[in-house]
Amino acid sequence: MSFATWITFFFAACVIAVSPGSGAVLSMSHGLSYGVRKTTGTILGLQLGLLLVLFIAGAGVGSLLLASEFAFRVVKIVGALYLIYLGFAQWRAKVQVRADLPAHGAAQTEVPPLRKRLLTGFLTNATNPKGIIFMVAVLPQFIAHDAPVLPQLLILAATMCTVDLAVMHGYAFAASSMQRFFRDARAVKRQNAFFGSILMGVGAALFFVKRSPNA
């Protein structure tokens with residue numbers, strides 16, 4: 001892989017990562033609810049899901065998935081329902097009031113265990129049909145077919161995940177800096193309802209994703 005090819009992919013990865021999507025919404029939601037440090041588990045899960053999608057596309061399985069109407073529809077429905085479920089769960093998230101903090105206590109959403117945060121991030125990216133479509137369409141353009149594919153996939157995967165890791169932490173940090181404005185239970189519930197609504201909206205939008213412009 002030439003440096004020119006890699007740097008082009010690097011800028012493409014930056015654009016992809018910065019573009020608002022379910023991963024960005026999830027990172028901001030967890031950043032505001034749990035803080036940056038605990039959102040790292042969610043973001044690592046997002047990277048595992050991203051790696052799965054990337055290697056599925058790189059191995060050619062993604063092309064087969066897009067060629068099958070039934071298989072693509074299953075992935076789309078699962079991904080959409082999962083995001084809607086996440087949004088609904090955010091709506092109903094328990095709010096804790098911490099009496100050990102000033103201003104008559106501060107409210108925060110109950111933090112799920114690390115394993116659940118990892119799984120939430122993983123499933124969010126792994127069941128995203130838009131991610132599969134993008135990878136299948138774009139990834140082959142950066143792979144030289146006259147050279148071993150695996151080393152190139154590893155380079156692209158490392159680049160993509162490094163960029164996405166930094167950007168998602170940036171989203172989480174930006175959201176967590178707003179925590180001081182959500183120090184009572186009512187404000188936290190409004191915040192959960194806001195992000196829950198966005199996640200459900202993104203999930204509902206996935207029902208309209210097609211395999212290709214001609215699908």
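Reply: Happy to! Of the contacts in the chain with a separation of 6 or more, 84% link residues 24 or more positions apart. Keep in mind that this is a predicted model.

Me: What makes up the secondary structure of the chain?

Reply: The chain has nine helices and two strands. Read from the N terminus, the order is α-α-α-α-α-β-β-α-α-α-α.

Me: How do you know that the span of helix 5 agrees with its number of residues?

Reply: Helix 5 covers residues 69-91, which is 23 residues, and at 1.5 Å a residue it should span 33 Å. Its end C-alpha atoms are 33 Å apart, so the two values agree.

Me: Which residues of helix 5 are called buried, and what makes them so?

Reply: The label needs under 20% relative accessible area. Among the residues of helix 5 that are buried are Phe72, Val75, Tyr82, Leu83 and Leu86, along with Lys76 and Gln90. In the chain, buried residues make up 41% of the 215 residues.

Me: What makes up the lining of the largest pocket?

Reply: Its lining divides into 15 nonpolar, seven polar and two charged residues. The pocket has a volume of about 580 Å³, and Ile16, Ser19, Gly21, Asn128 and Gly131 lie nearest its centre.

Me: Which element gives the largest share of that lining?

Reply: Helix 7 does, with four residues. Elements giving two or more residues also include helix 1 (3-18) and helix 8 (149-176).

Conventions. Residues numbered from 1 in each chain as written. Predicted model: local features only at pLDDT ≥ 70, side-chain atom pairs only at ≥ 80, totals over all residues. Heavy atoms only, no water. Buried < 20%, exposed > 50% of the residue type's maximum accessible area, 1.4 Å probe, protein only. Contact = heavy atoms within 4.5 Å. Expected span 1.5 Å × (residues − 1). 1 Å grid on protein atoms, 1.4 Å probe; cavity = no way out; pocket = protein on both sides within 12 Å on 5 of 7 lines; lining within 4 Å. Points joined across faces, edges and corners; volume = space filled by probe spheres on them. Nonpolar A, V, L, I, M, F, W, Y, C, P; charged D, E, K, R; others polar.
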